[in-house]
Amino acid sequence: MDLERSRSSSTASAFIKLFRLQFLLLTLLLFLAPGSHGSTPKTHGSRKSSVFSLFNLKEKSEFWSESVIRGDFDDLESLSPGKMDALNYSKAGNIANHLKLLEVDSMYLPVPVNFIFVGFEGKGNQEFKLHPEEIERWFTKIDHIFEHTRIPQIGEVLTPFYKISVDKGQRHHLPIVSHINYNFSVHAIQMGEKVTSTFEHAINVFTRKDDVSGNRTDEGALWQVDVDMMDVLFTSLVEYLQLENAYNIFILNPKRDIKRAKYGYRRGLSQSEIDFLKENKGLQTKILQSGNVPETILALDKLKRPLYEKHPMAKFAWTITEDTDTVEWYNVCLDALNNIERLYQGKDITDIIQSKVLQLLKGKNEDMKLLYEKGLKSENFGDLHAECLTDTWIGNDRWAFIDLSAGPFAWGPAVGGEGVRTESSLPNVEKTIGAVSELSEDEAEDRLQDAIQEKFAIFGDKEHQAIDILLAEIDIYELFAFKHCKGRKVKLALCEELDERMRDLKNELQSFEGDEYDENHKRKAIEALKRMEGWNLFSDTHEDFQNYTVARDTFLAHLGATLWGSMRHIISPSIADGAFHHYEKISFQLYFITQEKFRNIKLLPVDLNAINNGLSSLLLPSQKPMFSQHMLPLSEDPALAMAFSVARRAAAVPLLLVNGTYRKRISTYLDSSILQYQLQRLNEHGSIKGSHAHSRSTLEVPIFWFIHSEPLFVDKHYQAKALSDMIIVVQSEESSWESHLQCNGRSLLWDLRRPVKAALAAASEHLAGLLPLHLVYSQAHETAIEDWIWAVGCNPFSVTSQGWHISQFESDTIARSYIITTLEESVQLVNSAIHLLIMERTTEKTYKLFQSQERELVNKYNYVVSMWRRISSFTGELRYVDALRQLYTLEEASKGFVDQVNATIALLHPIHCTRERKVHVVFDVTTIPAFLVVLGVLYIVLKPRRPKPKIN
């Protein structure tokens, strides 16, 4: 026992001594730390630009140019070893500086755009003529470089005030404002008189009354233009001029027909025509028995005469076409339109409606086919709702148009909301340019009198010098002439009188040069005369282009803003936050969840062909769709029934209708967050897991389609919603649900029995991040903002149409989303590798080892750069399929560069550990007292002590 105690006592004593020794060593290190200098690498605040920073162009240029991008990689290779010695290598500070590598800040994708002006050569509405100087002056002000932006996950969009709310605190895999920028090359094309007359003729031929009941007179009637027929005309012109490899925005300014005061564009029938078809059983029978395609479908020969060999790809270019450029197209269209006009002559309302319905049944719009076929077979047209009349449209191909003579119209949220489309959202030629040219003599005199009274009211009863009164009079005449005398084809008599009066004023001002007037009066008179020398306000001489008036400038500024919006919303829209990758195969797993069991999936109240065709249209030519359908009755799956019940909620939703009526509506909905969580738990147990869940080449897309008898939504307001790993769709039996949206003073009705449109919109968001066209990210607001002007067309994101056809604009956006995700991730990988090189210091001792890796490092970087440039070139030519083929190679190249950087650094690190064995300590006199104190303490602690006798 005593021996054990002795051992334990000695062990404790040794432990205490060891602890004291460690404490003293730590104290010693603390004393020495301020005076020692380790080998921490220096950070250089400034870095010079180099040819390696091709994509970091902030200091050099706003977009790529030939002076920046080389044709080969000679400039990217390192200097020969004979010219680079170890001293220069060590002076570089770090490897990135030695190689002149900078982190990539921006990368630019060229986007070709054509603005095609029809009716602006002086033969359109108000005989308005645009001049190249005006176009260049205003449209070069449009931002031609946009950052690609992502919109964070949107919370509840439809609050009582319909305000967008975005969660700003969430983390993002990719930046909201991307490294990738769009560099727009704008080409303005002014069409000639023949093209203008062709469109005017087509509008007249394809126009019919909106109201066929005969309650309205022709003067106050509303007219509708068949947009399906106009689609053929726009497409044929684009193909004739071979403009398919650019995005084409048409701006129309056709002459107004006095008999047709207000017209708009629409697919299908008006509500009056639908009612007429419902009541006319004989017409329905006649349509069913008719099997021939009507001859009114516009058939045009496919002629081609390219306008240019290649898009100019400049910041701004301007082209005026000659009539000889389009004469062949004009002749073909004229013959076809005349033939259709002759067929329409003498036909009554019944014949016209029959012809239009047959055209829809034989046409390309699958949604219209399904609606009219079902209505005719069941003799029930309750599902048919007229689409909105609009003055803008997005075509199926790469074109869209604005008709400034149509409308105006309005649509968007019925109450509240932002950026809603109003009757003044588009520039109006008549209210701006027309207001100037239509001013009568009496109105001109009244305006002049008002201006005189307003100006001289400030003089009051006080006495003023004659020179001040003359100058005030000159100001009035100058402003009046600038507004109402310049740019008129019919000169006002009042302007001629003012011209004579201005001559008299000039003579009076010259009289002030005499010696009898003081110097102040002389100075004012001389300044006024100098100002009048360059005036030509009342002249009859013809100028090369009209002077800019306030009205013209206002119109052009408004038009420029509208065209800027077209680029921001339909050509390069914001997408959802997330990383969207390209997969060769997309496996759609459709789970139809019903309350009761169906014997066969074909008995479900869904159109499987329409769903499959719609989902297939979301895929690119390089992708292959796969489908599997499953029925999951809630009555036979308790776990799924529990998940449905847990996620089911009810909410009181306030609703203010267009007519001002307030209504509180109880909405039953599925909470997407709860439902997603419950379904994920089922998936973990293998209940709903697909066979491609872990495939690299195949993306599995689970779509849960809930079929319910009562009206049911997702998150209070949606028919479908895209989540991170699934899509939720709800379907119920209500065919005319009054939504929160309105169009031209009427509430938009949703058919809850056919949520195909909403399902395709959600699927495109899940696959590639596509969002409704009225949403765009605003850097100023740091959130999403709304603009409803371009929420048109027959695509899944339109609110004015029931169609769900994916246009080429959306298809290109899907492709760009895949491309940009891969480019962004490549930039992040390269930047992370370059950051490691920045942190890696250079010394003479590591030079030879680094030299053995340098060429391979540079070659791998060059390869990544070459892939960036190749993909950018393909996207600039809109060859997205070719660009997508390069994505896998780019991923491998980026990883290869990162691996090479890591290997190089790993090779250099043993050198730092083995060869630098000396610790360079700078001797400081102030450390001597510290050493003495430490040595004294060590002596006291460690000196031998006499052993104490043990007493048992």
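**Ground rules**

The model is predicted, so local features need pLDDT of at least 70 and side-chain atom pairs count only at pLDDT 80 or more, while totals for chains, interfaces and linings use all residues. Residues are numbered from 1 along each chain as its sequence is written, and side-chain values use heavy atoms, with hydrogens and water left out.

**The whole protein**

Let's begin with the big picture. The protein holds 26 helices and 24 strands; here helices are DSSP runs of H or I with at least four residues, strands are DSSP runs of E with at least two, and both are numbered from the N terminus. Of its 952 residues, 50% are buried. Buried means under 20% relative accessible area, exposed means over 50%, and partly exposed lies in between, with a 1.4 Å probe and protein chains only.

The accessible surface of the protein is about 46800 Å², and carbon and sulfur atoms own 52% of that surface. Such areas come from the Shrake-Rupley method with a 1.4 Å probe; for residues, only the protein chains shown count as cover.

How much of the contact total with a separation of 6 or more comes from residues 24 or more positions apart? In this protein, the share is 80%. A contact means heavy atoms within 4.5 Å.

Axes are lines fitted to C-alpha atoms, for helices over the stretch in contact, and angles run from 0 to 180 degrees between N-to-C directions. Angles under 35 degrees count as roughly parallel, over 145 as roughly antiparallel, 65 to 115 as roughly perpendicular, and the rest as oblique. For residue classes, Ala, Val, Leu, Ile, Met, Phe, Trp, Tyr, Cys and Pro count as nonpolar, Asp, Glu, Lys and Arg as charged, and the others, Gly among them, as polar.

| Helix pair | Angle | Axes |
|---|---|---|
| α4 (residues 132-139) and α17 (residues 550-571) | roughly 55° | within 10 Å |
| α5 (residues 193-205) and α6 (residues 227-240) | roughly 165° | within 10 Å |
| α13 (residues 441-456) and α15 (residues 493-510) | about 45° | 9 Å apart |

Take α4 and α17, whose axes cross at roughly 55°. That angle makes α4 oblique to α17. From α4, the contact uses Glu134, Arg137, Trp138 and Phe139, and from α17 it uses Arg552, Asp553, Leu556, Ala557, Leu559, Gly560 and Leu563. Sorted by class, the contact of α4 with α17 has six nonpolar, one polar and four charged residues.

Next, α5 and α6 cross at roughly 165°. This makes α5 roughly antiparallel to α6. Their crossing is right-handed. Val195, Thr198, Phe199, Ala202 and Ile203 of α5 make the contact with Met230, Leu233, Phe234 and Leu237 of α6. The contact of α5 with α6 counts eight nonpolar residues, one polar residue and no charged ones.

Finally, α13 and α15 pack at about 45°. Hence α13 is oblique to α15. Here Glu441, Ala444, Glu445 and Leu448 of α13 meet Ala493, Leu494 and Leu498 of α15. By class, the contact of α13 with α15 has five nonpolar, no polar and two charged residues.

**Residues in the loops**

Asn125 and Glu127 are placed in the loop between β1 and α4. Are these two buried or partly exposed? Asn125 is buried, at 5% relative accessible area, whereas Glu127 is partly exposed, at 40%. Among the residues touching Asn125, leaving aside neighbours within four places in sequence, are Asn253, Pro254, Lys255 and Arg256. Glu127 has a positive phi, near 50°, although the residue is not glycine.

Asn744 also has a positive phi without being glycine, near 55°. Its place is the loop between β21 (737-743) and β22 (746-750), and Asn744 is partly exposed at 33% relative accessibility.

Asp210 sits in the loop between β4 (207-209) and β5 (222-226). Asp210 is buried, with 15% relative accessible area. Not counting residues up to four places away in sequence, Asp210 touches several residues, including Trp223, Arg266 and Leu389.

The peptide bond leading from Gly407 to Pro408 is cis, with omega near 5°.

Technical notes:
Left-handed = near helix turned anticlockwise from the far one by under 90°.
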